[in-house]
Amino acid sequence: MKNNGFVRVADLHKDFLMGETRVQALSGVSLEIEQGSFTVVMGPSGSGKSTLLYLIGGLDWPTSGSIHVDGEEIEKMDENSLAGYRSSKVGFVFQSFNLVSSMPAEENVSFPLRFAGIAPAERKTRSQNLLEQVGLSDRATHKPTELSGGQQQRVAIARALINNPLLILADEPTGNLDSNSGLAIMQLLSDLHKSGKTIIVVTHDSRIKQFSTNTIFLLDGKTVSEQTYRQATELMSQP
Ligand SMILES: Nc1ncnc2c1ncn2[C@@H]1O[C@H](COP(=O)(O)OP(=O)(O)OP(=O)(O)O)[C@@H](O)[C@H]1O
Ligand SMILES: [Mg+2]
């Protein structure tokens, strides 16, 4: 069932204090994301894309404003509730994969379940199923250094799925990959979207357009229209 306002962000501000200077990473972002959508976040470096993703994913608190996800108001949560929110509802995928180098793929995938009191046999079955889903059943015992970048990112996606989250947040998931591996990762995200996940992905790769349902444009910590965005980024790219 589609549910309007699955993610609702209202007048979101995030400031960082750097010594005496205050950096306004987000200055009044409001947006709504529908359940089952595939949203792309675009914006120049420093425009607040990662900050927005991390706040929606409950990795940090905003300076002000509100964030509702799946009916929960997450900015009001304490550390413990936020950890519960992250582990039950959100899967993260990062540009740099963030795998544990000493662990084989299978253990990297099941790692989040260690803290959920799930028995080793069950953990193994679940991670094997997910590795199969991302096309890596034959690499379960490989450590990250024994995998290509694209394969490492697929392991990271399998790990993001281990708790069956409704929401997948990906921050430049193809940024460290060659063009073909990048496309394969986008296709994998698209498959997840088709299976009902809500996806929010930060990317500079315009090929994402064929998979996404909507785009959010960020400039200087604010959402802008596509037209404003195009005009501003054209100006930026002029010599
Ligand atoms: N932990 C932090 N401490 C201080 N300033 C920060 C912190 N995180 C982000 N910022 C600042 O907030 C602004 C937005 O950063 P953010 O990482 O969200 O940008 P971005 O759009 O993801 O950029 P990029 O495309 O380079 O990844 C930047 O000016 C950045 O320097
Ligand atoms: Mg970023």
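Tutor: Let's start with F97, which counts as buried because it has 21 C-beta neighbours inside 10 Å.

Student: What makes F97 buried with that count?

Tutor: The cut-offs decide: a residue is buried if 20 or more other C-beta atoms lie within 10 Å of its own, exposed if 12 or fewer, and partly exposed in between, with C-beta atoms placed from the backbone. F97 has 21, so buried is the label. Before we go on, this is a predicted model: local features need pLDDT of at least 70, side-chain atom pairs count only at pLDDT 80 or more, and totals for chains, interfaces and linings use all residues. Residues are numbered from 1 along each chain as its sequence is written, while chains are lettered from A and ligands numbered from 1 in the order in which they are written.

Student: Where is F97, and what is its phi?

Tutor: F97 is in the loop between β6 and α3 (105–110). Its phi is near 65 degrees, a positive value in a residue other than glycine. As for the names, helices (H or I, at least four residues) and strands (E, at least two) are DSSP runs, numbered from the N terminus.

Student: Why does E172 count as buried?

Tutor: E172 has 20 C-beta neighbours inside 10 Å, so it counts as buried. You'll find E172 in the loop between β7 and α6 (179–194), with a positive phi near 45 degrees.

Student: How do you know that β7 is mostly covered?

Tutor: Run the burial test along the strand: 5 of its 5 residues are buried. Both faces are covered, with L167, L169 and D171 on one side and I168 and A170 on the other. In general, side chains in a regular strand alternate between the two faces of the sheet.

Student: What makes β6 and β7 a pair?

Tutor: Two strands pair if DSSP finds at least two bridges between them. β6 and β7 have 4 bridges, in the parallel sense, so by that rule they pair. V93 stands opposite A170 in β7. β7 and β8 pair in the parallel sense too, over 5 bridges, and there A170 stands opposite V201 in β8.

Student: Why are β6 and β10 said to stand at the edges?

Tutor: Look at the order first: an open sheet of 6 strands runs β6-β7-β8-β3-β9-β10, with mixed pairing. β6 (90–93) and β10 (222–224) each have a single partner strand, so one side of each is left without a neighbour in the sheet. From one strand to the next, the twist averages 25 degrees.

Student: How do you know that α1 packs on this sheet?

Tutor: By its contacts with β3, β7 (167–171), β8 (198–202) and β9. Contact here puts the C-beta atoms of two residues, placed from the backbone, within 7 Å. The direction of α1 makes about 150 degrees with that of β8; axes are lines fitted to C-alpha atoms, for helices over the stretch in contact, and angles run from 0 to 180 degrees between N-to-C directions.

Student: What makes α1 largely enclosed?

Tutor: 6 of its 8 residues are buried, so α1 is largely enclosed by the rest of the structure. Those residues are K49, T51, L52, L53, L55 and I56. After α1 comes G58, with a positive phi near 70 degrees.

Student: Which residues have the most contacts inside the largest nonpolar core?

Tutor: V41, I56 and L169, in a core of 57 residues. The term means a set of buried Ala, Val, Leu, Ile, Met, Phe, Trp, Tyr and Cys residues joined through C-beta atoms within 7 Å. Leaving out residues up to four places away in sequence, V41 touches K49, L52, L53, I200, V202, I216 and L218.

Student: And the other sheet, what is its strand order?

Tutor: It is an open sheet of 4 strands, β2-β1-β4-β5, with antiparallel pairing. β2 and β5 (72–73) are the edge strands, as each pairs on one side only. β1 and β2 pair over 10 bridges and form a hairpin with 2 residues between them. Across that pairing, K14 stands opposite L26 in β2.
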